[in-house]
Amino acid sequence: MMKKAVVLTFGCQMNEHDSQRMGSLLESAGYKVVPCSTTPDMVLINTCSVRGKPEQKLSQLLSNLKKDKNQNPNMKIIVAGCVAQQKGEDLINKFPFVDVVIGPDGEEKLLEYLNQINKGVSVIDINFNNEFSYAETLVMGPSHNSHAYVTVVKGCDSFCSYCIVPYVRGRERSRIIKEIKEDVKGLVKKGFSSVTLLGQNIARFGRDNNEDFQSLLNEISQVDGLKRLSFLTSHPKDFSKKIIKCFEELPNLCPMLHLPAQHGSNKILKAMNRGYTREQYLDIIAELRSSKVWDKLSLTTDIIIGFPTENDDDFKDLMDLLERAYFDNSYSFIYSPRPKTKAVELFGDKEDKANRPLFTKRLLTYQGRQKELALEKNKRLEGVILEVLVEGFSQKDHNKLTGRTSSGKVVNFVGDKNIFPGSYVMIKIIKAHPTYLSGEVLNVKS
Ligand code: 5AD
Ligand code: SF4
């Protein structure tokens, strides 16, 4: 019988992508990757350390797995990703039953490490690796048979004062366009018609190789058969008008932009070391508004509430930015102090417990207004016909299918047996909701 591996992923798209790649490596080593199992032969946990909570979750999870490992000593446990990078040996000291601890750059050597642990040797690899040493895109599981992620820049050099990423993912390193294009061509051949290029601050792509982001978008958009091209994440300090031009000129470049503002107060933006003011951020929004892409564009952002020294006036500025920017969605969280960061050096590593209720109130106020604006924005789509890439059954309602518009909005609709994941269908939007749309099928395409 085939050995079963469960891969658990916390965190961002970069992590999801890393998990897909590690899942592929496990499959090539004879494992079957399953969503869950009561008796797995391997559990791989891909961790995230951007905020403190996921880290606590890891400790709980490992404490639970200890019991399983006592019952089944052959079960292998791998901890990968940013917490692995951050904690290294401490993890094995605290949880000695863990077999492998690997940081984001060590994941490529997973197969080698499987051999070692089969010989009973535990492995820790938290070295940074400057090379992109193997194709970043391997086979994906069946649930990802139409959309793939491709990493184009690893690491981050922006050093926002709250953020641990530059310490756990290392320096910024770009791949070269020629190689990325070969990867994307390969993916299209395998049936992936939608690709998202990934980088923590993607507009800085190519600085280390004398290439640039606009050229990357131009080149990749020309790959035959690539219906949808998108990218994540855009840092406002490096965003340029040239990117807006790409949106206007490249027909398969999806009208979606994730532009994390993080805050709306100049004082807080400065303390966060973000490198732009609220006025500069709003200038980008004004440029987008006056461009041809605005009507179709889905604009999303990340927000941190409760950064040290945030007062009522700062929060007012944040709410004002929310009104003016008119986001489709915000990923908003309360600030969590992270080791090694400048903010911890300046303001200490303790959570501000006394002000927690105030921060929660601000977070809910922000999220409540965002929800209203999202609904208002989505309502403009009622009655509109949009092309949807089908992903499968809806999690909310198993009688319905779900897919995404080119701007990344989730659409749920009543299915038909001729519609399969990976196909494109024309859907008439019937009803808007804050986080998704409901629609009905017009006809089935390709
Ligand atoms: N506390 C809270 N949120 C954080 N993020 C990054 N670091 C922290 C932190 N210390 C958020 C930012 C970033 C997103 C990926 O996570 O908003 O854009
Ligand atoms: Fe973190 Fe800032 Fe880099 Fe984003 S740009 S990963 S928030 S340091």
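Two strands pair if DSSP finds at least two bridges between them. The model discussed here is predicted.

Me: In strand 11, which residue is the bridge partner of threonine 196?
Reply: Strand 10 covers residues 194-198 and is joined to strand 11 by five bridges. The two strands run parallel. In strand 11, threonine 196 has as its bridge partner serine 230.

Me: Which are the edge strands of the open sheet of three strands?
Reply: The order in this sheet is 7-10-11, with parallel pairing. Neighbouring strands are turned by 25° against each other on average, direction ignored. An edge strand pairs on one side only. That applies to strand 7 (147-151) and strand 11 (228-232).

Me: At about what angle to strand 7 does helix 1 run?
Reply: Helix 1 spans residues 13-28. It lies across strand 7, strand 10 and strand 11. Its angle to strand 7 is about 100°.

Me: Is helix 8 roughly parallel or roughly antiparallel to helix 9?
Reply: Helix 8 holds residues 213-221 and helix 9 holds residues 241-249. Their axes are 10 Å apart, and the packing angle is about 10°. Angles under 35 degrees count as roughly parallel. Therefore helix 8 is, relative to helix 9, roughly parallel.

Me: How many residues of the contact of helix 8 with helix 9 are charged?
Reply: Helix 8 brings Phe213, Gln214, Leu217 and Asn218 to the contact. Helix 9 meets them with Lys242, Ile243 and Cys246. Four of these residues are nonpolar and two are polar. The charged count is one.

Me: At about what angle to strand 11 does helix 8 run?
Reply: Helix 8 lies across strand 10 and strand 11. Its angle to strand 11 is about 155°.

Note on methods. Residues numbered from 1 in each chain as written. Chains lettered and ligands numbered in written order. Predicted model: local features only at pLDDT ≥ 70, side-chain atom pairs only at ≥ 80, totals over all residues. Heavy atoms only, no water. Axes fitted to C-alpha atoms, helices over the stretch in contact; angles between N-to-C directions. Helix = DSSP H or I, 4+ residues; strand = E, 2+ residues; numbered from the N terminus. Parallel < 35°, antiparallel > 145°, perpendicular 65-115°, else oblique. Contact = heavy atoms within 4.5 Å. Nonpolar A, V, L, I, M, F, W, Y, C, P; charged D, E, K, R; others polar.
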